[in-house]
Amino acid sequence: MNKFIRRIISYLVPIVLVFIGMEFVVRNIPNSYSYKENIIKTKGDSIETLILGSSHTYYGINPAVLGMNSFNFANVSQSIYYDYNLLANNIKYCPTLKNIIIPISYFSMSKKLNSGEENWRKYNYHHYMDCKTKIIPKYNIGYYSLLLSKSVFNEFRTGIKYLILDKDKLACSKYGWGTACKEGNDCDFVKSGKLASKRHENNSSDFNRNINLLNDIINLAKERNINVFMITTPTTKYYSDNLNPDKLYKIINKCINISNVNDNVFYINYLTDNRFSLKYFYDSDHLNNVGAVFFSEILKKDVVRLLLSKKRLKINKFSYKRSLVNGK
Amino acid sequence: MFFNSIEFAFFLPIVFILYWFVFNNNLRHQNILLLISSYFFYGCWDYRFLALIIFSSFIDFFVGIRLLNTKDKKKRKLLLLLSIVVNLGFLGFFKYFNFFADSFADVFTLFGNHIEPTRLNIILPVGISFYTFQTLSYSIDVYNKKLQPTRDIIAFFSFVSFFPQLVAGPIERATNLLPQFYKRRNFEYAKAVDGMRQILWGLFKKIVIADNCASYADRIFDNSFDYSGSTLLLGAIFFTFQIYCDFSGYSDIAIGTSRLFGFNLRRNFNSPYFSRDIAEFWRRWHISLSTWFRDYLYIPLGGSKCGLLMKIRNVFIIFIVSGFWHGANWTFILWGLVNACLFLPVLLLKRNRINTNIVAEGKNIPSVYEIFQMIKTFFITVLVWVFFRATSVNDAFVFMNRIFSKSLFSSIDIHEIKIYILLFILSIFILVEWFQREKEHPLQICDLELNIFIRSGIYYTLILSIFFLGVSSQSFIYFQF
């Protein structure tokens, strides 16, 4: 028995050492999550506009074009749950924050917590962004180890690629904008639209949980006199036509109601904005780099217009429009 | 808790240490530890179904005791019937209720009436197909007086729930496994080391071969209309290796894990893809299930020692029931039917037992005829697996139709370097399995007298390939059965 234990230990020791080494390596691979966390903590005092949300805003809004001292804090498949938690954890680093831009879409309203094939991303928030939430319990090995939290094999290969090829996972600009959606992508928009709409469907019209989280964000912003711009980003008709129209109507209606009830909230719906032709899209529901620049310019103008009209209210006490559809 | 999960990597050493260091001096305590560990293991899947396995174990334990004390033939038959009804009743309800409800409704539709079947939202308890057959084998063997019933409730419950083979077999006979719970297990170094080697080989088969083949097989089967016949055939070949490596990999891990605790489980796969005919294939594939059906269904029905029509009937019953055991879908029944049609001529021509030894025994290179036989049997198996994998009977026929179209001779549609790497790894895998086909598993390398550096090199190569080539965790195929 002792000989067996000794043999096992002798084989396991190098493996455990490699594991520990790899754990250290993968925790330190530059990636957009750790980059954004670092920027918020070190340069948060210069951020006036924070962009939250999922890939729709991560790829869709270029802060360099948007201006307003903005920073893109969105990540792929980021849910409203993490939008709220990230904001709550990091708002103290942003004393000059004036505006929050958050996408409200079919995806964000349908996203269920702790489910879906991209569920593994919760470990990125936990380890790279120090965003510890109850959805990773302390008895889960992923709470402690990044290597063992997701696919061990994928993380291992990522670590090796980084060590040998210096291939990191940083895929955003210095302002946090995702640059992977290059123009000229040969996309079958019809197929992509059907697949994306199916992926974003959770077969439920009950999105109260996500609305509650949105209200938490709004209240957090209200306490600090921060404006919240809810936006529905542009998509192709190949995507929007495949969505459940009743549910979509409910979502948009809810957004309009929220913006009407809260002084600091505005809603802009670009879902079927025909200014965005196919040349601006990477796939059926994501803008490409050129589309992101175009959209950021439009968004800038609309945000400024809404802020000015709010300012006029304070002076003239007239009612003003707090929601726009297709820029109008 | 999958065998290839981190949780199991913590669970197994803890149980091992407690088993050999804390409770090794007391057999009963060791059995209790195995029982608790097994229930914990099973509970991690779904704790709600613990009651089911406990109840099933209790019924068969009770039946065994009563059979010992009952001489009356009628009463003995009733007791056996109780065990069969309870076990098959649970299996039938959880696995087949919705299937029968839908099929019943479909029959009505055929006659022009439409009825809405009552469907229940039933979750299939993991391992139910395996442990019910295991406990049934106990009741039947006790009834036939092949086995003395046990009065040791702990030993019996541990036998039923023994965690290495609980959720996906091998389906152990009580005559083999139960007596091992009565006698003290002594740690045997060689057995434990061999067990570890078998676990490593099983993990390699599952994580590297099966999961990588699965990623292509799933892609091709799920989008079959987009691919040529040659690609569909490649998809079927990938599935052939996926199901073999997945299931036999699990069995290897189960057998290897059992050996760590001093238990010997029966071999479940014996190089089935080197079979020379379909009868040999069924002697080498999922041995525990095929022998179960042979001993408890085929032989009681008369087997092949009866008239021609009865023989044909028995063959069809066995294969259709075997197919049905795999799942509540007409595709499995069709798969069984096709296998019966392939097996029957071999049986009727009395050629079903001509290839009983391993192919090219004692030789490294098979003869040309043997190569031809193996390739022929392999490709028949590949095509038959299409029925098993397809989601509907219609899909199966469409898939087959597209394979045998003109596009069978066109080039493959998937041009990825990964596919060529996978084919290369499969070639190495086949060679290893070939040269070690006469062993229990390919990593039985003691007789090769390799020095420690070469042996370590082999182990680390397999471990590294698991980490470099492994795919995100996919569950074992046979868990769904």
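**Figure 1. Chain B as a whole.** Of the 481 residues of chain B, 56% count as buried; buried means under 20% relative accessible area, exposed over 50%, and partly exposed in between (1.4 Å probe, protein chains only). This is a predicted model, in which local features need pLDDT of at least 70, side-chain atom pairs count only at pLDDT 80 or more, and totals for chains, interfaces and linings use all residues. Residues are numbered from 1 along each chain as its sequence is written, chains are lettered from A in the order in which they are written, and side-chain values use heavy atoms, with hydrogens and water left out. Chain B has 18 helices and 0 strands. Both are DSSP runs numbered from the N terminus: helices are H or I with at least four residues, strands E with at least two. The C-alpha atoms of chain B fill a box of roughly 70 × 70 × 45 Å along the principal axes. Its radius of gyration is 23 Å, which agrees with the value near 23 Å for a compact globule of 481 residues. That radius is taken over C-alpha atoms, and the globule rule is 2.2 Å times the number of residues to the power 0.38.

**Figure 2. The interface of chain B and chain A.** Here 25 residues of chain B are in contact with 21 residues of chain A; contact means heavy atoms within 4.5 Å. The two chains bury about 2,100 Å² between them, 74% of it on carbon and sulfur atoms. Buried area is the accessible area (1.4 Å probe) that two parts lose on being put together, summed over both. Helices α1 (6-22), α9 (189-222) and α18 (452-469) of chain B each give two or more residues to the side that touches chain A. The largest share, 9 residues, comes from α18(B).

**Figure 3. Lys205 of chain B.** K205(B) lies in helix α9 of chain B. Is K205(B) buried or exposed? K205(B) is buried, with a relative accessible area of 3%. Leaving aside neighbours within four places in sequence, its contacts include Y244(B), S248(B), F429(B) and E433(B). A polar contact of 2.8 Å joins the side chains of K205(B) and D252(B). Such a contact is a pair of N or O atoms within 3.5 Å; within protein, one must be able to donate a hydrogen and the other to accept it, and residues adjacent in sequence count only if both atoms are side-chain atoms.

Figure 4. A salt bridge puts a side-chain nitrogen of Lys or Arg within 4 Å of a carboxyl oxygen of Asp or Glu. The side chains of E416(B) and R219(B) meet in one (2.6 Å, N to O). E416(B) sits in the loop between α16 (393-403) and α17 (417-435), R219(B) in helix α9, 197 residues apart. E416(B) is partly exposed at 27% relative accessible area. R219(B) is partly exposed too, at 29%. The side chains of R389(B) and D222(B) also form a salt bridge (3.7 Å, N to O). R389(B) is in helix α15 (residues 368-389), D222(B) in helix α9, 167 residues apart. R389(B) is buried, at 16%, whereas D222(B) is exposed, at 54%.

**Figure 5. Thr49 of chain A.** T49(A) is found in strand β1 (residues 49-51) of chain A. T49(A) is buried, with a relative accessible area of 1%. Beyond four places in sequence, its contacts include L66(A), F71(A), L97(A) and I101(A).
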